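Hi there,

Here is the structure I promised to pass on to you. Have a look at it first, and then read my notes below.

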Amino acid sequence: MITIKHLSKQYINPDGSVFKVLKDVNCEINQGEVISIIGPSGTGKSTFLRAINLLDPPTGGEIIVDGENILAKGYPLNKLRQKIGMVFQSFNLFEHLSILDNVTFAPMKLRGLTRQEAENEAMTMLRKVGMAEKANAMPSDLSGGQKQRVAIARCLAMHPEVILFDEPTSALDPTMVGEVLSVLRQL
């Protein structure tokens, strides 16, 4: 399903030197596989995930998803966003939108759902993660664990083929980790 060949990512430092975050990364991820990327802080784990989803495009290599090179010029990003979802370690909820609006935004914009269709789908996903009762709340009203469960519901509402989790429990206090891990186990 996903083949990564010779992936690289580098940044140019202010002094002109090159900082290589990813160097010649190769892997193949088949449908149904669950994989983990482990390593110390600063080794490029998040950069790798962001490169796969083209949130931080790589500087070299290939990423083949379902036989298509997503790095090819003109590859439609909206198509990629529908195939690959991401749950960020810092939630990345829209603070000015209600929980329901956070979950309906992408399905309406990218999948073309009507508001009613998107809201029905959002409520299904919010129920799945135990957050339906908070649909009208604002992100600032939620705990870290609740925000992360909403972020998971938001991702699920797109029906992605692949979900990338970037340290989904790292920003949580120990009492919130259990509730998010419970949702991840169910998925």
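Angles under 35 degrees count as roughly parallel, over 145 as roughly antiparallel, 65 to 115 as roughly perpendicular, and the rest as oblique. This is a predicted model, where local features need pLDDT of at least 70 and side-chain atom pairs pLDDT 80 or more, while totals for chains, interfaces and linings use all residues. Residues are numbered from 1 along each chain as its sequence is written, and side-chain values use heavy atoms, without hydrogens and water.

Let's start with two helices (DSSP runs of H or I, at least four residues, numbered from the N terminus). The axes (lines fitted to C-alpha atoms over the stretch in contact, with angles from 0 to 180 degrees between N-to-C directions) of H3 (residues 99-110) and H5 (residues 144-156) come within 8 Å and cross at roughly 30°. H3 and H5 are therefore roughly parallel to each other. In contact (heavy atoms within 4.5 Å) are Ile99, Asn102 and Val103 of H3 with Val150, Ala153 and Arg154 of H5.

Now the pockets: on a 1 Å grid over the protein atoms alone, a pocket is an open set of points where a 1.4 Å probe fits, with protein on both sides within 12 Å along at least five of seven lines, and lining residues have an atom within 4 Å of a point. The largest pocket has 26 lining residues, with Glu33, Val34, Ile35, Ile163 and Phe165 nearest its centre.

Enjoy exploring!
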